[in-house]
Each structure stands twice: as structure tokens, then as C-alpha cells.
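Reader: I am new to this one. Can you walk me through it in short steps?

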Amino acid sequence: DPYTGVYSGLNIQRVLQSSIVYPSFVAKITGIHVTIITHTIWPAFLIIMAYGIYYLIAEKLFEEKEKQYLFLLLTSLLYNFGLYSYYSSSFRLLGTMWQGKGILAVVLNFLYLYIFSEVFQKKYNWKMGWLLFIISIASVGLTLGGVISTAVISSVLFILFWLKNHEWNNIKYLIWANIMPVLYAIFYLWQR
């Protein structure tokens, strides 16, 4: 039990989330207490990763550097003065960044948007399929919400780009990105 530390049997939701184990592993090999890693060091890296992805999106949207920096400034303002509900993205970035839901909400979902917008505009490449497969493993390892998030983002973007380009070959990317989420969903439903 993560709240009491007492063994309480196997919880299938906890087993499927490998992100819970990672900070403990890093703490074990570094000798730094797990609380320091999860609440201090890990969020700093994740915020840098988040803004790195936002910068990639800004480069995709705008050619001029000034507009890219303005996009990052407005994104930062929206996060700083956003809705401070437990379910909002601003709370996930500035409050509980170390949780799997936070990483999924402010880092991985935007990475999916960026990568899918790149790959759906080009010819099929199996290396990009592997990249989507690896990111989908990370997504479902963070939280079971990653199953739904991955399926929705990949499907909606596939439909939008299909309407624009009428390229059926991109369905291979949809399959690559949804192999692990489907397996996780089947395993989870089987265990219930």
C-alpha cells in the first residue's frame, strides 16, 4: 500500500504502472532518498522536457523566432495562471509533475501531437513506427489513462490527416502506436 507501506496484496493497477518503480530504482542506485528524487530532481527534468516539446511545437507552428518565443511565453502564462483544479494541466505541470498522470498530460500527449503531425505528412517509415511503439509503452507505463489517451490522440490525428491527404498507408502508424495500449487494456479487463 503506497500510503501505509504495509503489504496488502497484488494491485493490478500498480503492477501495470512501471513509472512507480523508476524513481525507486534511481534512488537505490544513487543513494539519494526517493522523496528527494520524486519531488525535487525528477520534476526539474520533466519541466525542461515539457518546455522542450513546446519549443518543437512552436518551431512547427511559426517560422520567426520572435513568434516562437511569444508562443512559449503565452504557454507559460497559461500554465502559471491556469485553473488550479486537481484535473487541470496547470496543476499537473506545477503541482504533481512526478505522477504518471502529470507526465502524460504535460509531456507525452504533446510529444504524441508533435510526432504524429510529423509522420502523417511523410511517406511511411518503419523507424518512426518503432518510435511510436516505444512512446506508447512509456504512455501506458505512466498510467492506465495512457491507454485511452494514446488511442484517442492517434485516432483523431489519423482521421484529420486522412481527410487532408487521403493516405491509407498511415494506418500502419496507428497500429504501431496502439499495440501496447490494446494489450494493456485487454490485460486490465481480463484481471477485473
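Author: A definition comes before the questions. The expected span of a helix is 1.5 Å times one less than its number of residues. The model is predicted.

Reader: Helix H8 has 21 residues; what span is expected at 1.5 Å a residue?
Author: H8 has 21 residues. From its first C-alpha to its last, the helix reaches 30 Å. That is close to the expected value, which is 30 Å.

Reader: How many helices and strands does the protein chain have?
Author: Read along the sequence, the pattern is α-α-α-α-α-α-α-α-α. The count for the protein chain is zero strands and nine helices.

Reader: What box do the C-alpha atoms of the protein chain fill?
Author: The box is taken along the principal axes. Its dimensions are roughly 55 × 45 × 30 Å.

Reader: What share of the residues in the protein chain is buried?
Author: Buried means under 20% relative accessible area. The protein chain has 192 residues. The buried share of them is 38%.

Reader: How many aromatic pairs does a search of the whole structure find?
Author: Rings count as a pair if their centres lie within 6.5 Å. The search of the whole structure gives a total of 17.

Reader: Tyr54 and Phe110 form an aromatic pair; of what kind?
Author: The ring centres are 5.2 Å apart, and the planes are at 90°. Planes over 60 degrees apart get their own label. For Tyr54 and Phe110 that label is edge-to-face.

Reader: Which helices hold Tyr54 and Phe110, and how far apart in sequence are the parts they tie together?
Author: Tyr54 lies in helix H3, residues 34–61. Phe110 lies in helix H6, residues 100–119. So the pair ties together parts whose separation in sequence is 56 residues.

Reader: Is Tyr54 buried or exposed?
Author: The cut-off for buried is under 20% relative accessible area. Tyr54 has 3% relative accessibility, so Tyr54 counts as buried.

Reader: What kind of pair do Phe120 and Phe161 form?
Author: Their ring centres are 5.7 Å apart. Their planes meet at 55°, so the pair is tilted.

Reader: Where do Phe120 and Phe161 lie, and how many residues apart are they?
Author: Phe120 is in the loop between H6 and helix H7 (126–142). Phe161 is in helix H8, residues 145–165. Phe120 is buried at 2%, and Phe161 is buried at 12%. The separation between the two in the chain is 41 residues.

Reader: Which residue lies over the face of Tyr124?
Author: Tyr124 belongs to a cluster linked by ring pairs, with Phe120, Phe161 and Trp168 among the other members. At 4.7 Å from the ring centre of Tyr124 lies Lys172.

Reader: Which elements do the buried residues of H8 pack against?
Author: The buried residues of H8 include Val147, Ile153, Leu157 and Phe161. They pack against H6, H7 and helix H9 (171–191).

Reader: Which residues of H4 are buried, and why do they line one face of the helix?
Author: Seen down the axis of H4, the buried residues fall within an arc of 60°, so they line one face. An α-helix has 3.6 residues a turn, so residues three or four places apart point the same way. The face turned away from the buried side carries the exposed residues Glu66 and Leu78. The buried ones are Gln68, Leu72, Thr75 and Tyr79.

Reader: Leaving aside neighbours within four places in sequence, which residues is Leu72 in contact with?
Author: Leu72 is found in helix H4, residues 65–80. Leu72 is buried at 17%. What covers the buried residues of H4 includes H3, helix H5 (89–94) and H6. The contacts of Leu72 are Tyr51, Tyr54 and Tyr55.

Reader: Which residues does Thr38 touch, not counting those up to four places away in sequence?
Author: Thr38 is in helix H3 and is buried at 12%. A polar atom of its side chain lies 3.4 Å from the backbone oxygen of Thr35. The residues touched by Thr38 are Pro23, Pro43 and Trp98.

Terms used. Residues are numbered from 1 along each chain as its sequence is written. This is a predicted model: local features need pLDDT of at least 70, side-chain atom pairs count only at pLDDT 80 or more; totals for chains, interfaces and linings use all residues. Side-chain values use heavy atoms; hydrogens and water are left out. Rings of Phe, Tyr and Trp (its six-membered ring) pair if their centres lie within 6.5 Å; planes under 30 degrees apart count as stacked, over 60 as edge-to-face and the rest as tilted. Helices (H or I, at least four residues) and strands (E, at least two) are DSSP runs, numbered from the N terminus. Buried means under 20% relative accessible area, exposed over 50%, partly exposed in between (1.4 Å probe, protein chains only). A charge sits over a ring if NZ of Lys or CZ of Arg is within 6 Å of the ring centre and within 35 degrees of the ring normal. A polar contact is a pair of N or O atoms within 3.5 Å; within protein, one must be able to donate a hydrogen and the other to accept it, and residues adjacent in sequence count only if both atoms are side-chain atoms. Contact means heavy atoms within 4.5 Å. The arc is that of the directions from the helix axis to the C-beta atoms.
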